[in-house]
Amino acid sequence: MTVPWWQSGVIYQIYPRSFQDTAGDGVGDLKGITRRLGYLAELGVDAIWISPIYPSPMADFGYDVSDYCGVDPRFGTLADFDDLLAQAHARGLKVLLDFVPNHTSNQHPWFTESRSSRSNAKRDWYLWRDPAPGGEPPNNWISDFGGRAWEWDEASGQYYYHAFLKQQPDLNWRNPAVRAAMHDVLRFWFDRGVDGFRIDVLWHLVKAADFPDNPPNPAYRPALGEMDRLLQLHSTDQPEVHGIAADMRTLADDYGAAGQGERVLIGEIYLLVERLMRYYGEGRAGVHLPFNFQLIEAPWQARSLAALIAAYEAALPPGGWPNWVLGNHDRPRVASRLGEGQARVAAMLLLTLRGTPTLYYGDELGLSDVPIPPDQIQDPRELREPGKGLGRDPLRTPMPWDDSAHAGFSTASPWLPLNADWPARNVARQLAEPGSILALHRRLLAARRAHPALAIGDFALREAEGDVLAYERRHGADRLVVALNLAARPQRLALPEWAHDCRPLLSTLADVTPVQDGALLLRPDEGVILTLAD
Ligand code: GLC
């Protein structure tokens, strides 16, 4: 049975500023990623997704794009990108880019034109509105980064809408010219050979046409970000977004149909499961994978994890392929949320659930969030709402490669501090330690390749009592049990009859213990994969 690469494969997210610097400016670059392709291939992932590399004033570190069809000089050149792509493909690695369609930079030429006058041909490419009576903003919408979402433009006497920073004006996706221009962007990169896109804030693209006020959020507490004061009822997740996603899918499918390998679209969508599922589209005509972020915030408890997994599986539309994420460039790292022992167990969960996993760079080393001294804070999210734990610098720190100066990341002082334990917690050291969390990731990824049951098999929950979560994966004769101990005390798991002859394939700990008397003894913080003895 052959399945598309984006179903059987594993995606690895690279935050390019922090992966590998070759220019000596303390900021990662494309040549750095190219240099580390060997590491990624040996790790055993199938695809890389690179956060934005386009020219940008960097108000939101690349999520404010001033030219969709170029490469920021800090990251290199288009030729560097083509080289990266060719070398990745030569190693069998797919390359996904980050598509940022909701907003441009305020320095994008489209916005400069749009802003120049009310009669400019591109005026309607963005969301301009007259003030409310008294000169107030047109409605009560709040920026996701705090503060009001409308910026007054004195020269033309209107407000423009920005869901994020005022340096990130939202495009008007109801305008066909915007759609056409953004389709050209997709074609530009598809023509170069990219294998797909992660689509930034897909659920934000369309806003209610008449811009009504958003209702208050009854669950708001001051500890939350200011954006949570309101429910984003009218500013996000409008029905028209699905037509837009379907058009992007058609475009991507046309490339696949032209025999150039299937192209994938992954949507960034933070919504409850039922709404999330709609992004698969009618007849699977939406994005291939609406990102499923539930594990990032899930209580680490067997029963609730089991319920979450079961509800997600049950909600999938026919033919909809699942996916799982443990971390990304916006959320606290898994090792900080759960501690290293459970970060290992979580890695086993991520890489053995049914569906495409996305792994965040550095999580394979068990990197934690790095405390950032106040004078080194860079993230606008933190600077705008300090002290609430919303800042993203701590989880975007440089990849520690070895114990040489600056951890082999750069010859200069890095743009964000390294993890304090980098002399011990780095790639070179962990490659040399069979019991390291990196070695565990390599073993898990190798097991996925060796066992179709893990990559594409069926899934059945077996146990979710106390601190033990156990499930079965099966593909034809290939049949496995995954048993996870979510706590730091030993547990005993009685196995089903068929599994009595199983042997441990791997453990999150350094060694394995055999099945005895039809039961598996799980040590503290241990996850085990069992397979039928050969
Ligand atoms: C997405 C990105 C985030 C960015 C925001 C605005 O949520 O993941 O990093 O700040 O969009 O583009």
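Predicted model: local features only at pLDDT ≥ 70, side-chain atom pairs only at ≥ 80, totals over all residues.
1. The residues of the shell around the ligand split into seven charged, four nonpolar and three polar.

2. Numbering runs from 1 along each chain as its sequence is written, and side-chain values use heavy atoms, with hydrogens and water left out.

3. Who sits around the ligand? There are 14 residues (a heavy atom within 4 Å of the ligand), and the closest are D60, H103, D200, H329 and D330.

4. On polar contacts (N or O pairs within 3.5 Å; within protein, one atom must be able to donate a hydrogen and the other to accept it, and residues adjacent in sequence count only if both atoms are side-chain atoms), the D60 side chain has an N or O atom 2.6 Å from a ligand oxygen. For the H103 side chain the distance is 2.8 Å, and for a polar side-chain atom of R198 it is 2.9 Å. The protein buries 95% of the 310 Å² that the ligand exposes when taken alone (Shrake-Rupley, 1.4 Å probe).

5. The domain assignment, automatic or from a database, gives domain 1 (5-104 + 175-443), domain 2 (109-161) and domain 3 (458-532). Taken over C-alpha atoms, the centres of domains 1 and 3 are 30 Å apart.

6. At that interface, 21 residues of domain 1 contact 26 of domain 3 (heavy atoms within 4.5 Å). About 1800 Å² is buried between them, 68% of it on carbon and sulfur atoms (accessible area lost on being put together, 1.4 Å probe, summed over both parts). On the domain 1 side, A302, M348 and T352 lose the most area to domain 3, together 29% of what that side buries.

7. The polar side of the interface: nine residue pairs are in polar contact, both residues at pLDDT 80 or more, and the rule finds one salt bridge across it (side-chain nitrogen of Lys or Arg within 4 Å of a carboxyl oxygen of Asp or Glu). Separately listed, E465 and R303 form a salt bridge at 3.2 Å, N to O.

Terms used: Nonpolar A, V, L, I, M, F, W, Y, C, P; charged D, E, K, R; others polar. Buried area = accessible area lost by both parts, 1.4 Å probe.
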